Amino acid sequence: MPATTFHASPRLPRGFRCASRNVGLKPNAKDLALFVSEVDAAAAAVFTRNQFPGAPVTLGRETIRAGRVRAIVVNSRVSNVATGERGIHHARRMAAAAAAEIGTTPDRVLVSSTGVIGVPLPIEKIEQGIRGIARELQDDPLVGAEGIMTTDTHPKALSASVGEATITWVAKGSGMIEPNMATMLVYIFTDARLDASVLDRVLRQAVDVSFNMLSIDSDTSTSDTCAMLANGLAGDIAPDRFVPVLTAGCIRMTEILARDGEGAKHLLRATVRSAASTQEARRVAKSVINSPLVKTMIFGADPNVGRLLMAVGKCFDCTIRPQTTDVRINGHQVVRRGERVDFDDHVVRAALATEVVDLEVDLGVGESDATAYGCDLTQGYIDENAAYYSS
């Protein structure tokens, strides 16, 4: 499969525009974003499996059943979680305000909120802030990305072409990320023509190997949403052409999110090969990514291979045979057949100090592979989260 080439500067597909502004939820930074298609778009979405879902997730599941969406409205700073029936009412008011602004109905507006849990949504500020925002709509997805940031260090957007169509990914997320899914909001826009059932199938396929393999801290958010809109203005695109580009973009955005994990210094990729099944490969890869000891090993550039073996070996329900297990760090073999290799300590330390660290575990028991994505664990993560509610 040829590598996907992403645009040097991200752009929205034809018929999509976005805007963001400060509506008073944050002191100064943008805190509200609106993404709009000029026509109703086929839509699909996947949401968090956390059993305390936010009001926007509850409403979003209802909205997405129709398979048609015209706009997405998102606020940051307040997540509208643990707010009861009042929260649902506020989410509906938010959809109604956006619908009135762009001339559609509330059932065609998908709502998302991200931020602090347990705080009532300042709905009056949001309703007032939405008024007039349609005049600011433009085609730069980074503008919309600015309005959905919480602890992100930069707005996240990318785009690529597939035939005459464009696919654009806009996302936020840097902590409480462990699918399914993560404090991760991801919106994917395309002008390809795909019906909602196909869209749902290909989105789930792409999410399964990308966002659902991402973990920053093993915690599953209450607000996770990944939605995809296809307005059809570029005409039909064969799924076998569309899916590889969609998947490549989801994986690339997964890496961007992992690299921007709270306080992160390194992007960490754990690839497990020759596992007994795909499920076991995924479980072992996630175990490596989620281990605090592996994360701190990466942060300290400390080639303590015992940390890696521990993370693999604690997968009690998986087929693990020490005598067939090999481990590599950025291509340097450190374990062969379950035993530590007499490697050059300085070389491996230097490999661990690079921005991207690839850990490869070959279990030697089957034919299944999987890759998980994450980051190291630093003092910055502790500082960011120790006072998140109060900040």
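**Close-up views of a predicted model**

**View 1. Helix α5 passes helix α6 in a right-handed crossing.** Right-handed here means that the near helix is turned clockwise from the far one by less than a right angle, and left-handed that it is turned anticlockwise. This is a predicted model, in which local features need pLDDT of at least 70, side-chain atom pairs count only at pLDDT 80 or more, and totals for chains, interfaces and linings use all residues. Residues are numbered from 1 along each chain as its sequence is written, and side-chain values use heavy atoms, with hydrogens and water left out. Helices (H or I, at least four residues) and strands (E, at least two) are DSSP runs, numbered from the N terminus. The pair to look for is α5 (residues 196–208) and α6 (residues 239–259), packed at an angle of about 40° with their axes 9 Å apart. That angle makes α5 oblique to α6. Axes are lines fitted to C-alpha atoms, for helices over the stretch in contact, and angles run from 0 to 180 degrees between N-to-C directions; under 35 degrees is roughly parallel, over 145 roughly antiparallel, 65 to 115 roughly perpendicular and the rest oblique.

**View 2. The buried residues of helix α8 line one face.** In α8 (residues 292–299), V294, K295, M297 and I298 are buried (under 20% relative accessible area; exposed is over 50%, partly exposed in between, with a 1.4 Å probe and protein chains only). Seen down the axis of α8, they fall within an arc of 160°, taken from the directions from the helix axis to the C-beta atoms. Their cover includes α7 (278–290), α9 (305–313) and β13 (356–362). After α8 comes A301, with a positive phi near 50°.

**View 3. G338 in the loop between β11 (332–336) and β12 (339–340).** G338 is partly exposed, at 29% relative accessible area. Its contacts include P322 and T325, not counting residues up to four places away in sequence. T325 is 13 residues from G338 in sequence, yet 5.2 Å away in space, C-alpha to C-alpha.

**View 4. E127 in helix α3 (residues 123–130).** E127 is buried, with a relative accessible area of 17%. Neighbours within four places in sequence aside, E127 is in contact with R93 and A97.

Definitions and conventions:
Contact means heavy atoms within 4.5 Å.
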